Amino acid sequence: MAELNIDGLLDKVLHDRIAPGNDRVRAIVNRITTDLYRTIEQLDVQPDEFWAAADWLTRLGASGQTGLITAGLGFDRLLDIRQDEADRRRGVKTGTPRAIEGPLFIPGAPASDFEVRLDEAQDHGECLVVEGTVRDLQGQPVAGATMDVWHANEHGRYSSFDPDQAPFHLRRRITANARGEYRYRTIVPPGYAIPPNSPTSELFAALGRHGNRPAHIHYLVSAPGLRALTTQVNLPGDPFLDDDFAYATRQELVLTLEDVPSPAGYESLGIDGPFKRARFDVTLPPAGSDRDAAHLGRAERVA
Ligand code: DHB
Ligand code: FE
């Protein structure tokens, strides 16, 4: 048997098989494997470096933080940009811009009609009401549109990933009323940072990068026959707005906060003094398919 050289080894790895397998998986894995062989050769990657990387991947998987790395390396935004480009090529109107889901959505939040309070009395922060109308491309209100909204607490952490918060804290599903309207009361969220002392922080420290995201609130919006929208809104004035670790800021999605002096009309949300208010109206285009219309988070879509 002839001694294997690198090209011979790669050729075997790319082409060995005892069954048809999956053509798509093989094409992608083969491409990545080829690129990694080239990287190892051209950058003269040493065994200790290679095994440190393998160990890091093992720890990353065990930590459940894979989705943090994809965001920080821009893959989440890349997928959005590609979908935006596909929309532009089709030449159709698309309504409210999409933005990354992030890795921290949890399905099954408590449901409310029209309005809800996301925060608990013990949360510290400025009182904020976000309100808006869900419409279709013709400008018609979408009665009964549903939306999941979720954001970080005053320490920049998300419930379910933070043992100090109750399940579904700052996470709710709201069903818009007959006029397509919704509103919620919460606190103005602070920014977010990747967890310290984690496989994620290790990588970004080695890259000389920060792991901060500007303050934001996530939305997943859907209605029958319309295309489900994954997006997020940003709070204005955050120092990381143009320096988001996940590259997700979109100018059209930065809220404008208004100082409202009186709680009149908002008593049902428990407001009894001045508060901040922002509008976020959502426009949904028609769905191409039932799957397009499904209200699904990332993990649910994979399942
Ligand atoms: C990450 C965290 C978020 O809250 C988010 O919206 C996107 C990404 C992250 O840790 O990678
Ligand atoms: Fe987030």
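Where does ligand 1 sit? I looked this up first in what is a predicted model, where local features need pLDDT of at least 70, side-chain atom pairs count only at pLDDT 80 or more, and totals for chains, interfaces and linings use all residues. Residues are numbered from 1 along each chain as its sequence is written, chains are lettered from A and ligands numbered from 1 in the order in which they are written, and side-chain values use heavy atoms, without hydrogens and water.

I found ligand 1 in the largest cavity, a cavity being a set of points, on a 1 Å grid over the protein atoms alone, where a 1.4 Å probe fits but cannot get out; to sit there, more than half of a molecule's atoms must lie within 2 Å of its grid points.

I then checked polar contacts (pairs of N or O atoms within 3.5 Å): oxygen atoms of ligand 1 lie 2.5 Å from a polar side-chain atom of Tyr192, 2.9 Å from one of His218 and 3.0 Å from a side-chain N or O atom of Tyr158.

Technical notes: A polar contact is a pair of N or O atoms within 3.5 Å; within protein, one must be able to donate a hydrogen and the other to accept it, and residues adjacent in sequence count only if both atoms are side-chain atoms. On a 1 Å grid over the protein atoms alone, a cavity is a set of points where a 1.4 Å probe fits but cannot get out, and a pocket is an open set with protein on both sides within 12 Å along at least five of seven lines; lining residues have an atom within 4 Å of a point.
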